[in-house]
Amino acid sequence: MQYARELSLWGIETSIIVPGAFTKGTNHFAHSGRPVDLARVAAYEAGPYAGYGDKIQEAFGRIVPDDADASGVARAIVEVVNAPFGKRPFRVHYDPTKDGAEVAFAVIDRVRDEMLHRVGMGDLLRPRGPASA
């Protein structure tokens, strides 16, 4: 994320698109990364976390609404790209599960923005260019 701020003085505007988890039509969890350390996986599966991997996948699968459509992420990207320079949002969430990430990132972004202002680097918060002047 800090790279996004560093690019602003070059006149490059950055928006972060945060898609939620989609378990229908994409097999999001089925195709996610797997640990390389198989001995560690076996230790977890033999201990108190036995079966939790499957439990987590099933639990998240249940909170994804039946009408969750990953194409909404594409629409969110189009909206950002079509917004005028200097007016694009820094972060956009498209998450039909409403898992709380939007709230958490709003706090994190606000704290970072306040810190940049506090240390005299508030100019990093908007891209330099005629549309943002």
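**Labels and their rules**

Mentor: Let's begin with Arg-110, which has 46% relative accessibility and counts as partly exposed.

Trainee: What makes Arg-110 partly exposed at 46%?

Mentor: The rule takes relative accessible area: buried is under 20%, exposed is over 50%, and partly exposed is in between, with a 1.4 Å probe and protein chains only. The 46% of Arg-110 falls in between, so the residue is partly exposed. Before going on, please keep in mind that this is a predicted model, in which local features need pLDDT of at least 70 and side-chain atom pairs count only at pLDDT 80 or more, while totals for chains, interfaces and linings use all residues. Residues are numbered from 1 along each chain as its sequence is written, and side-chain values use heavy atoms, with hydrogens and water left out.

Trainee: How do you know that Arg-110 and Glu-114 form a salt bridge?

Mentor: A salt bridge needs a side-chain nitrogen of Lys or Arg within 4 Å of a carboxyl oxygen of Asp or Glu. Here the closest N and O atoms are 3.1 Å apart, so the pair qualifies. Both residues sit in helix H5 (residues 101-118), four residues apart, about one turn of the helix. Glu-114, at 44% relative accessible area, is partly exposed.

Trainee: How many salt bridges does a search of the whole structure find?

Mentor: The search finds four. One of them joins Arg-88 to Glu-13, with 2.9 Å between the closest N and O atoms. Arg-88 is in the loop between helix H4 (71-82) and strand S2 (91-94), and Glu-13 is in the loop between helix H1 (2-7) and strand S1 (16-19), so this pair ties together parts that are 75 residues apart in sequence. Another is Arg-40 with Asp-37, where the closest N and O atoms are 3.6 Å apart.

Trainee: Why is Glu-13 called buried?

Mentor: Its relative accessible area is 17%, under the buried limit, so Glu-13 is buried.

Trainee: What joins the side chains of Arg-91 and Asp-109?

Mentor: A polar contact of 2.8 Å joins them. That term means a pair of N or O atoms within 3.5 Å; within protein, one must be able to donate a hydrogen and the other to accept it, and residues adjacent in sequence count only if both atoms are side-chain atoms. Arg-91 is in strand S2, and at 15% relative accessibility Arg-91 counts as buried.

Trainee: Which residues make the nonpolar surface patch?

Mentor: Tyr-44, Tyr-49, Tyr-52, Ile-56, Phe-60 and Ile-63 make it, with an area of about 600 Å². Patch residues have over 30% relative accessible area and no salt bridge; nonpolar side chains (Val, Leu, Ile, Met, Phe, Trp, Tyr) are joined within 5 Å, and like charges within 9 Å. Areas come from the Shrake-Rupley method with a 1.4 Å probe, and for residues only the protein chains shown count as cover. Tyr-52 has 37% relative accessibility, so it passes the area condition. Helix H3 (residues 52-63) gives the largest share of the patch, four residues.

Trainee: What makes a pocket a pocket rather than a cavity?

Mentor: On a 1 Å grid over the protein atoms alone, a cavity is a set of points where a 1.4 Å probe fits but cannot get out; a pocket is an open set with protein on both sides within 12 Å along at least five of seven lines, and lining residues have an atom within 4 Å of a point. The largest pocket has a volume of about 400 Å³. Its lining has 16 residues, and Pro-35, Val-41, Glu-45, Gly-53 and Gln-57 are the closest to its centre. H3 gives the most to that lining, with five residues.

Key: Helix = DSSP H or I, 4+ residues; strand = E, 2+ residues; numbered from the N terminus. Points joined across faces, edges and corners; volume = space filled by probe spheres on them.
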